[in-house]
Amino acid sequence: MKVEFAPLNIPLARRLQTAAVLQWVLSFLLLAQVCVGIIVILIIHNYWFLYIPYFTWLYFDWRTPEQGGRRFDWIRNWTVWRYFKDYFPIHLIKTQGLDPSRNYIFGFHPHGILVVGAFGNFCTNYSEFKELFPGFTAYLHVLPFWFRCPLFREYLMTCGPVSVSKKSVSYVLSRQGGGNISVIVLGGAEESLDAHPGKFTLFIRQRKGFIKIALTHGAYLVPVFSFGENELFKQINNPEGSWLRTVQEKLQKITGFTLPLFHARGIFQYNFGLMPYRKPINTVVGRPIPVHQTPHPTREQIEELHQTYMEELRKLFEEHKGKH
C-alpha cells in the first residue's frame, strides 16, 4: 500500500484545525473511558474525600441533563471550536425564517458516524446559528448513556447537549416564551451503521415518537439535512446479514449505542487513521411545518403528520442535493 504523507510546510491555520479536530475526536472516543478510569482509581486507593463528595453531587445533579442541561458560553467560545469548524468547513444554511415566539423540533439527518455537523452547528458559538436564528436557543439531544459517565458528563453538558429522553425533549418544548429548538438526530445509533460515503440511508419510517411530542406541545417541525456528513469517514463493510452487522445490532439492543468500525486519514498521512477527511459539511435547515397543539393525538393524526414530515424532508434533499 502506498502511503501518502502530508507536506511538511503546512500553514499554521491548517495545523491548528487538525489539532482541534483531533482533540474533539479523542474526547468522544477516549475521554469517557479515562473519566471512568479516574473514578475507579480513586475508589481502589480509597480517596474517599474526593469521590464521596462527587457522588453526592452526582446524586442531586442526576436529572440536570433532562432539565435543560448546564451550558457555559465560556467553553462554547473556546477558539478551538473555530478551528474545528474551519477544518471541514461546516456551514449552516437557512431557507426560511422562524418565529421566535414558538418552539421547534429540528429533525437532523443523517446521523453519520459522529454527528459532526450537529455538534459544530449547535454546540459551539462559532457557527452561523446566532446570526441566522437570533433569539433562539438550540439543544442538541444525545443518548442518555453519555450522561451516565461520571466526570465526562460535566464536560459534555458545558457545550450544550442534553438527553434525548422524552422528559428532556418535553422540558425544552414546554418552556414558555418560545425561542427553543430541540435538535434530534432522528436516525439514532442504528443509522450510523449505514453511514458510508456516497450513500444516504435514513431510518425515519418507524420513528414517530417525535411526531407525538410535537403534537402534544404544538412544536413546529423543521427537517434538517446535513450534506457531507457521511463523507467524513469510511466504514468497514457491514451489509445486512453479515456477522459484523449482527454483532453491532445485538450490541445496540443491549446498550443503546453502536460501535461502527470506521477509519479515515491520519495526522501526517492520508491513508489510514481516525481523523475525518476534510470534506465540507453543509447543514440545510428546511421549511417549518405548522403543528396544531393536540394534547392527546390519535394514531391517524400522528401518521398524517409523519407523512407530511417525510415529504418535506424529501423535498429538502431534492432541492439542495445538486448544489451540496
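Figure 1. Leaving aside residues up to four places away in sequence, Phe 106 touches Leu 98, Phe 122, Ile 181, Ser 182, Val 183, Ile 184, Val 222, Val 224 and Val 285 (contact: heavy atoms within 4.5 Å). The model is predicted: local features need pLDDT of at least 70 and side-chain atom pairs pLDDT 80 or more, whereas totals for chains, interfaces and linings use all residues. Residues are numbered from 1 along each chain as its sequence is written, and side-chain values use heavy atoms, with hydrogens and water left out. Phe 106 is also one of the residues that touch the most other members of the largest nonpolar core, which has 79 residues; the others are Trp 24, Phe 84, Phe 88, Val 116, Leu 221 and Tyr 309. A nonpolar core is a set of buried Ala, Val, Leu, Ile, Met, Phe, Trp, Tyr and Cys residues joined through side-chain atoms within 4.5 Å. Helix H1 (residues 12-44) gives the most to this core, with seven residues. Another core, of five residues, lies apart from it and includes Ile 39, Leu 42, Tyr 54 and Leu 58. Helices (H or I, at least four residues) and strands (E, at least two) are DSSP runs numbered from the N terminus.

Figure 2. The whole structure holds 33 aromatic pairs (Phe, Tyr and Trp rings, the six-membered ring for Trp, with centres within 6.5 Å; planes under 30 degrees apart are stacked, over 60 edge-to-face, the rest tilted). Trp 74 and Trp 78 form an edge-to-face pair, 5.6 Å centre to centre with 80° between the planes. Trp 74 is exposed at 64% relative accessible area, while Trp 78 is partly exposed at 29% (buried: under 20%; exposed: over 50%; partly exposed: in between; 1.4 Å probe, protein chains only). Trp 81 and Phe 84 are also edge-to-face, because their ring centres are 6.1 Å apart and their planes stand at 90°. These two residues are three apart in helix H4 (residues 79-87), so about one helical turn separates them. Trp 81 is buried at 0% relative accessibility, and Phe 84 is buried at 0%. One aromatic cluster includes Trp 81 and Phe 84 together with Trp 24, Phe 28, Tyr 87, Phe 88, Phe 119, Phe 145, Trp 146, Phe 152 and Tyr 155.

**Figure 3. Charges over rings.** The charged end of Arg 71 sits over the ring of Tyr 139, 4.8 Å from its centre. Lys 94 lies over the face of Phe 133, 5.7 Å from the ring centre. The criterion is NZ of Lys or CZ of Arg within 6 Å of the ring centre and within 35 degrees of the ring normal.

**Figure 4. Backbone exceptions in loops.** Most residues other than glycine have a negative phi, and most peptide bonds are trans. The bond from Phe 88 to Pro 89 is cis, with omega near -5°; Pro 89 is in the loop between H4 and strand E1 (90-94). The bond from His 109 to Pro 110 is cis as well, with omega near -15°, and Pro 110 lies in the loop between strand E2 (104-109) and helix H5 (116-122). Asn 46 has a positive phi of about 60° and lies in the loop between H1 and helix H2 (48-61).
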